[in-house]
Amino acid sequence: MAERANVVTDRDTLRDAVWRGMREVTVAASLVADMAGYLRAQGVDADAVCRRAGIEPHTIATDSRRLPGHAMAAFWRGAIAASNDPDLGLHATVASNPGALDIVGYVMLSSRTADEALRRGARLMRLLNDGIALEVERERQATRCRVVMVNGNDDYLRTEPRQIIETVLMGVVQQLRLLTGRPVVPLRVSMRHARPTTGAAEHERLFGRKPRFAAEADEVAIANGDVDVALRSANPQLLAAFEAHAEAALACLSAADTLCGRVSTEIVGRLKGEAPTITTVAQAMAMSARHLQRGLASEGRTYQALLDDARRELAVRHLAAPDATVAKVAWLVGFSEPSAFHRAFRRWTGSSPRAVA
C-alpha cells in the first residue's frame, strides 16, 4: 500500500471557503496579460477579446488589482472563439511567460528543490486564483498534485471547468520542466470533466501521457525522481525576500473586504511618481482623513504602514522583471528620487535594490 505523507494544501483557502459564501472568484491580472500575449502571437486581436469581456487591455500588464471571475469566464469564451482553438488552455500554458505567475513564480524559481517549489506554489495558489487550491501529496513512488475547487458559489470554475483545470495541471508539469530542465512526463493525468468532443490528441502530445477523463479527481502524478531535483536557480536570499512579499500579498488578499484591504487597493492604483496622501485616498473612498485614520486604527494598522507594505511588495515585484532599472522602479512605487528609494528599500529588506534586480 502506498505510503501517504506530507500532504500540502492551502488550508487557509479551504477554511476561508466557509465565510466567503457567495463571494465571486478573483484572478490575477498577470495571467490574463500572459494569455493576451499568446493570442497576439497567434494573430488574434487580444485587445478586442479583452474589451468584450469587460477588461481594459491597457491595465492588465501593470495593474495589480484582481479580475472578477465573470470577466475571466467571458475572456476564456471570447479567446477560444477568436482563436478557433478548443485546446487554448493547453497551448497557452506551454507557451507561457515565466513572469505570468508573478511573485508565485519568483518564489518557486528561488526554491532549493522542485519539491519545495511545488509546495510553495501550492501555498500561494490563492494569489493566482482564489477559487482553487492545489494539494501536493507525496506517496512512495509519486507526488500527486490535485486541483480542488474551494468556493461555495456557482461560479465559472464549476460551470466551465475544463480550461482552468487543464491550464493548472499542464502548468504544474510545464513549471517542473522549466525549473528542472528535465523532460518531465507525468505517470498519470486525470480530469473530472468529460473527454472533449474534439478529441484528446493534444492532451497526450503535450502531457506526454494519455489522460483519463470523467475521473474522480483533477490531478497529475509525478515520479518522485522528477521532483527531488535541486534547482540551479535556487537563491536563499532572494527566496526570503520573495516569500515575505508573497505572504504580505496573501494577507492583503484575505483582508480584501476590510478597510485595510480597500485602502491598500487605492494606494496601489495611485503609486506612480509620488505617494498618495491619506487625504487623497480618503477622498477617493468618500470619507474624511480623520475617519479613515480611526477606521485603520480599529484594525490595528496605520496609513503609513499600508503605504510602506504596498511600496515594498511592488518594488520587489518590479525589480524582478528582466528590463527593470532602479530609477524606473523607484518612480513606479512613488519615489521622485532614486536615492530616497534606496534608503527605503534597505530599511524594508536589509539589502539594496540592485541586490534584487
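These notebook entries record what I looked up in a predicted model.

**Entry 1: cysteines.** I began with the disulfides and found zero in the structure. Cys50 has a relative accessible area of 0%, so I noted Cys50 as buried. Cys260 has a relative accessible area of 9%; because buried means under 20%, I noted Cys260 as buried too.

**Entry 2: aromatic rings.** Are Phe335 and Phe341 buried or exposed? I found both of them buried. Phe335 and Phe341 also belong to one aromatic cluster, together with Phe345 and Trp348.

**Entry 3: a charge over a ring.** I next asked which residue lies over the face of Phe335. The residue is Arg311, at 3.8 Å from the ring centre.

**Entry 4: two helices.** I turned to helix 17, which spans residues 303–319, and helix 19, which spans residues 338–349. Their axes are 11 Å apart, and the helices pack at an angle of about 100 degrees. I therefore described helix 17 and helix 19 as roughly perpendicular to each other. Which residues of helix 17 meet helix 19? From helix 17 I listed Asp308, Arg311, Arg312, Ala315, Val316 and Leu319. On the side of helix 19, I listed Phe341, Phe345, Arg347 and Trp348.

Terms used
Residues are numbered from 1 along each chain as its sequence is written. This is a predicted model: local features need pLDDT of at least 70, side-chain atom pairs count only at pLDDT 80 or more; totals for chains, interfaces and linings use all residues. Side-chain values use heavy atoms; hydrogens and water are left out. A disulfide is a pair of cysteine sulfur atoms within 2.5 Å. Buried means under 20% relative accessible area, exposed over 50%, partly exposed in between (1.4 Å probe, protein chains only). Rings of Phe, Tyr and Trp (its six-membered ring) pair if their centres lie within 6.5 Å; planes under 30 degrees apart count as stacked, over 60 as edge-to-face and the rest as tilted. A charge sits over a ring if NZ of Lys or CZ of Arg is within 6 Å of the ring centre and within 35 degrees of the ring normal. Axes are lines fitted to C-alpha atoms, for helices over the stretch in contact, and angles run from 0 to 180 degrees between N-to-C directions. Helices (H or I, at least four residues) and strands (E, at least two) are DSSP runs, numbered from the N terminus. Angles under 35 degrees count as roughly parallel, over 145 as roughly antiparallel, 65 to 115 as roughly perpendicular and the rest as oblique. Contact means heavy atoms within 4.5 Å.
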